[in-house]
Amino acid sequence: RRYSTGLHGVRRFLPGIGANAPGGGGSVVGLTAQTRSEQAVLDVVTGLLETEGYEAVRIREVAARAHVSTRTIYESFGNRDEMIVTALQRWMQENVKEPVEAIEPIPGEPIDQGLMRLFRQIFAPWERHPRLLMAVDIARRGPGGDRLVTFGKHAFQPAIHQVLKDTDPAYARDVSEILYHVVSGLLSQFRAEEIPITKLLPVIE
């Protein structure tokens, strides 16, 4: 079931969605203001992802716990996938992106130390909330997941470039791209339970 107003509702949360959006319909760099009922829905979704896992998130269950109608959810988010992606993006914005943006460069700091200081800040919230990291890895490979990928790049690449600002630009781009793929591969291993979350940082280092 899906209401025709769903995409309109999602666009209020995720500016840039749609065929005319920069970057081909998947570019998202921020969230817009949310109503009280929409905030309640996202809070419930985040809570379910963390306590019961990805498959536990069902629209009827979320509506009941958030004390809203299923119609409100469809009108605001369009479908289950959009609802989950939006909840995860909001959590990443508040718990990962904003703290990373607040990191101050240390003059004269070696590149490897600067990058590890950055990655420790990035992964600290995930180590405290591993099920949300699992949910992000699932969602990024599903419908609408390209927005999480784009959001992650917008969130972290500027900080990486700040650490690498005094190096050759081509080298900085290569390092940034390599690190992105290394982290993506580690996330897949984490999801497959081949590596515990506490081992991600040591492998990156």
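1. Helix 7 (residues 130-139) has six residues named here as buried: Leu132, Leu133, Ala135, Val136, Asp137 and Ala139. Buried stands for under 20% relative accessible area, exposed for over 50%, and partly exposed for what lies in between, with a 1.4 Å probe and protein chains only. Helices are DSSP runs of H or I with at least four residues, numbered from the N terminus.

2. A word on the basis of these points. The model is predicted, so local features need pLDDT of at least 70 and side-chain atom pairs count only at pLDDT 80 or more, while totals for chains, interfaces and linings use all residues. Residues are numbered from 1 along each chain as its sequence is written, and side-chain values use heavy atoms, with hydrogens and water left out.

3. What do the buried residues of helix 7 pack against? Their partners are helix 2 (36-51), helix 5, helix 6, helix 8 (145-163), helix 9 and helix 10. Contact here means heavy atoms within 4.5 Å.

4. The packing of helix 7 on helix 9 has an angle of about 110 degrees, and the axes are 10 Å apart. Helix 7 is therefore roughly perpendicular to helix 9. Axes are lines fitted to C-alpha atoms, for helices over the stretch in contact, and angles run from 0 to 180 degrees between N-to-C directions. Angles of 65 to 115 degrees count as roughly perpendicular, under 35 as roughly parallel, over 145 as roughly antiparallel and the rest as oblique.

5. The crossing of helix 7 and helix 9 is left-handed. A crossing is left-handed if the near helix is turned anticlockwise from the far one by less than a right angle, and right-handed if clockwise. On the helix 7 side, Pro130, Leu133, Met134, Asp137 and Ile138 take part; they meet Leu187, Ser188, Phe190 and Arg191 of helix 9. Of these, Leu133 and Asp137 are also listed among the buried residues of helix 7.

6. Helix 9 also packs with helix 6, at an angle of about 40 degrees and with the axes 14 Å apart. This crossing is right-handed. Helix 6 contributes Leu115, Phe119 and Phe123 to the contact, and helix 9 contributes Val175, Leu179 and Val183.

7. Two aromatic pairs turn up in a search of the whole structure. In one of them, the ring centres of Trp91 and Trp126 are 5.0 Å apart and the planes stand at 40 degrees, so this pair is tilted. Rings of Phe, Tyr and Trp (its six-membered ring) pair if their centres lie within 6.5 Å; planes under 30 degrees apart count as stacked, over 60 as edge-to-face and the rest as tilted.

8. Trp91 belongs to helix 5 (residues 80-101) and Trp126 to helix 6 (residues 111-128), so the pair ties together parts that are 35 residues apart in sequence. Are these two residues buried or exposed? Trp91 is buried, at 10% relative accessible area, and Trp126 is buried too, at 5%.

9. There are nine salt bridges in the structure. The term covers a side-chain nitrogen of Lys or Arg within 4 Å of a carboxyl oxygen of Asp or Glu. One of them joins Arg147 and Glu82, at 2.8 Å from N to O. Because Arg147 lies in helix 8 and Glu82 in helix 5, the pair ties together parts that are 65 residues apart in sequence. Arg147 is buried, at 3% relative accessibility, and Glu82 is buried at 14%.

10. Salt bridges with shared partners join Glu52, Glu61 and Arg65 into one network. Between Glu52 and Arg65, the closest N and O atoms are 3.1 Å apart. Glu52 sits in the loop between helix 2 and helix 3, and Arg65 in helix 3, so this pair ties together parts 13 residues apart in sequence. Glu52 is partly exposed at 42%, as is Arg65 at 41%.

11. Glu75 and Arg71 form a salt bridge with closest N and O atoms 2.8 Å apart. Both residues lie in helix 4, four residues apart, about one turn of the helix. Glu75 is partly exposed at 29%, and Arg71 is partly exposed at 43%.

12. Some backbone angles deserve a check. His67 is not a glycine, yet its phi is positive, about 60 degrees. His67 is in the loop between helix 3 (59-66) and helix 4 (70-77), and is exposed at 73% relative accessibility. Glu193, also a residue other than glycine, has a positive phi near 60 degrees. Glu193 is in the loop between helix 9 (169-191) and helix 10 (200-204), and is exposed at 70%.

Notes. Helices (H or I, at least four residues) and strands (E, at least two) are DSSP runs, numbered from the N terminus.
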